[in-house]
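I opened the sequence and the 3D structure side by side. These are my entries on what I looked up.

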Amino acid sequence: MSLWYILSGLSLFYILIGRILTIHNAPYLLSGYNTLPADEQKKVDLAAYVPFWRRFHLWLGLGHFIVGSLLYHLWSEDAAGVFLGICPLLAYLWFMGRSRRFMAGVQESQMRIARYVLIACTLLVAGLMFVGHGSIPFEVQVDALRIGGIYGETLSRSSISSVQLVDTLPPIKWKTNGFATGSAQKGYFRTRDGRTIKLMLYRGNAPYLLVTRSDGRQIYYACESHNNRMLWAKIDSIMPDKTHKNP
């Protein structure tokens, strides 16, 4: 699925979240508030908080869509992907800080912990973005192939069924467990025909190096820092029984 469609869907989702909440249903729908003791609920100024909630999510959705779309179309898909991952977390950090004025004295310790958790999540996502947008080492050893970086693995000679070069990737339906923003796809993805494959791609073009394991699992590799034809030739010189002779 195109990153732009994900960006658009999330933007619409934020706007809908804001539109759904009203002063009448807030006591039932507002997460956190509906579990507070009655004396704590009285400290929350719902009449002021609900409009603030609605405005925040409206502007979050509009800003998310406008800025994300500009980054996607005018800069790069990578920039839009980083924005998609970091922007909402930073926005909710600001939202939590500003929300304190509507609920003075309400379980301060728990709100402080929630802010710390959100800060930790923001740092974690930023770290994953940094690591995910990195080159993918590929090392050909006498008895193994080693793919480095996030979601990398070492494939022993006995675990490899075949190594070949292919010109296209199978049509991808969605990501099941991995990292994907623009030119970087690392991890496990579901194909349209129902298979699960591993992609280790970073700004790489065809031909792709396809490693098929003995158990049938497939790994597609391409990275701008490696020439896949040269990699295949090196593998062929060391493991000729594993390669197809006409890549």
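**Entry 1: the six-strand sheet**

I began with an open sheet of 6 strands, whose order is β4-β8-β9-β7-β6-β5 and whose pairing is mixed. The edges are held by β4 (160–166) and β5 (172–181); each has a single partner strand, so one side of each is left without a neighbour in the sheet. From one strand to the next the twist averages 20°.

I noted what I was working with. The model is predicted, so local features need pLDDT of at least 70 and side-chain atom pairs count only at pLDDT 80 or more, while totals for chains, interfaces and linings use all residues. Residues are numbered from 1 along each chain as its sequence is written, and side-chain values use heavy atoms, with hydrogens and water left out.

I also wrote down the terms. Helices (H or I, at least four residues) and strands (E, at least two) are DSSP runs, numbered from the N terminus. Two strands pair if DSSP finds at least two bridges between them.

I then followed one pairing. β5 and strand β6 (residues 184–191) are antiparallel partners over 8 bridges. I172 has T191 of β6 opposite.

**Entry 2: the three-strand sheet**

I found an open sheet of 3 strands in the order β1-β2-β3, with antiparallel pairing. Here β1 (138–140) and β3 (153–156) are at the edges with a single partner strand each, so one side of each is left without a neighbour in the sheet. The twist averages 10° from one strand to the next. Strand β2 (residues 144–147) runs antiparallel to β3, and 4 bridges join them. R146 has T154 in β3 as its bridge partner.

Which helix packs on this sheet? I found helix α7 (residues 228–238), which touches β1 and β2 and whose direction makes about 25° with that of β1. Contact means heavy atoms within 4.5 Å. I saw α7 again on the other sheet, where α7 lies across β4, β8 (208–213) and β9 (218–223) and runs at about 150° to β4.

**Entry 3: helix pairs**

Axes are lines fitted to C-alpha atoms, for helices over the stretch in contact, and angles run from 0 to 180 degrees between N-to-C directions. Angles under 35 degrees count as roughly parallel, over 145 as roughly antiparallel, 65 to 115 as roughly perpendicular and the rest as oblique.

I took helix α1 (residues 3–20) and helix α5 (residues 77–99) and found axes that come within 10 Å and cross at roughly 20°. The two are therefore roughly parallel to each other. On the α1 side, the contact is made by L3, I6, L7, L10 and Y14; on the α5 side, by E77, A80, G81, L84, P88 and Y92.

Next I looked at α1 and helix α4 (residues 46–75), where the axes come within 7 Å and cross at roughly 170°. α1 is therefore roughly antiparallel to α4.

The axes of α4 and α5 come within 9 Å, crossing at roughly 160°. So α4 is roughly antiparallel to α5.

**Entry 4: aromatic pairs**

How many aromatic pairs does the structure hold? I noted 14. Rings of Phe, Tyr and Trp (its six-membered ring) pair if their centres lie within 6.5 Å; planes under 30 degrees apart count as stacked, over 60 as edge-to-face and the rest as tilted. One of the pairs is Y49 with F102, which is edge-to-face at 5.9 Å centre to centre and 65° between the planes. Y49 is in helix α4 and F102 in the loop between α5 and α6 (108–132), 53 residues apart, and the pair links distant parts of the chain.
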